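Colleague: I would like a close look at a single part of this model. Please take me through the part and then its surroundings.

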Amino acid sequence: MLRIKLVKSPIGNTKTNRRTVAALGLRKMHHTVYLPDNAAVRGMVHHVKHMLEVAVVDDSEAPKKTATVKKKTAPKPAVAPRPAVAPKAVTAKPSDVSDKSDKSDTDGETKAPKPETPKAAKPKAVAAPKPKAASASKTTKKAKE
């Protein structure tokens, strides 16, 4: 088991070093974690060894994990679920049907009308740019001549 303590801030280090520190479970300065002694953990420790203090400890020295206790919260008020409503079947009325050969099946049932497709928006007209006014210096030269 390894005891790993963050002794130098990851601020100012590369993004990969900061992510490695976070992957080790270290959140802030002087935070200590106990991780298993395996090749994966040792490789991560090796990359950020300039920020860590590492010691090999026995399993008995590592703190035991305790079960977390849920906070008691007020029970939520019971809300009656909404009844499931089946969607209504859409059928064409005889007055809406102009050509029965297209709308009816062989069984005599009517089909639902096809949904209308949205029309394409018309492009807006672009105003032509205004011509630039002649500069004052050109008009004064013409007036002098």
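How much space lies in the largest pocket?

Modeller: This is a predicted model. The largest pocket holds about 200 Å³ of space. Its lining is made up of Met-1, Thr-32, Val-33, Tyr-34, Asp-59, Ala-62, Pro-63, Lys-64 and Lys-65. By class, that lining has five nonpolar, three charged and one polar residue.

Start from Tyr-34, one of the lining residues. Tyr-34 lies in β2, where it is the bridge partner of Arg-3. β1 and β2 run antiparallel, joined by four bridges. β1 also pairs with strand β3, residues 52–56. That pairing is antiparallel too, over five bridges. Within it, Leu-2 has Val-56 of β3 as its bridge partner.

Now the faces of β1. In a regular strand, side chains alternate between the two faces of the sheet. Leu-2, Ile-4 and Leu-6 make up the covered face of β1. Arg-3 and Lys-5 make up the uncovered one.

Next, the core. The largest nonpolar core has 13 residues. Ile-4, Leu-24, Leu-26, Val-41 and Leu-52 have the most contacts inside it. β1 (2–6), β2 (32–35) and α2 (39–47) each give two or more residues to this core. β1 provides the largest share, three residues.

Key
Residues numbered from 1 in each chain as written. Predicted model: local features only at pLDDT ≥ 70, side-chain atom pairs only at ≥ 80, totals over all residues. Heavy atoms only, no water. 1 Å grid on protein atoms, 1.4 Å probe; cavity = no way out; pocket = protein on both sides within 12 Å on 5 of 7 lines; lining within 4 Å. Points joined across faces, edges and corners; volume = space filled by probe spheres on them. Nonpolar A, V, L, I, M, F, W, Y, C, P; charged D, E, K, R; others polar. Core = buried A, V, L, I, M, F, W, Y, C linked by side-chain atoms within 4.5 Å. Buried < 20%, exposed > 50% of the residue type's maximum accessible area, 1.4 Å probe, protein only. Pairing = 2+ DSSP bridges.
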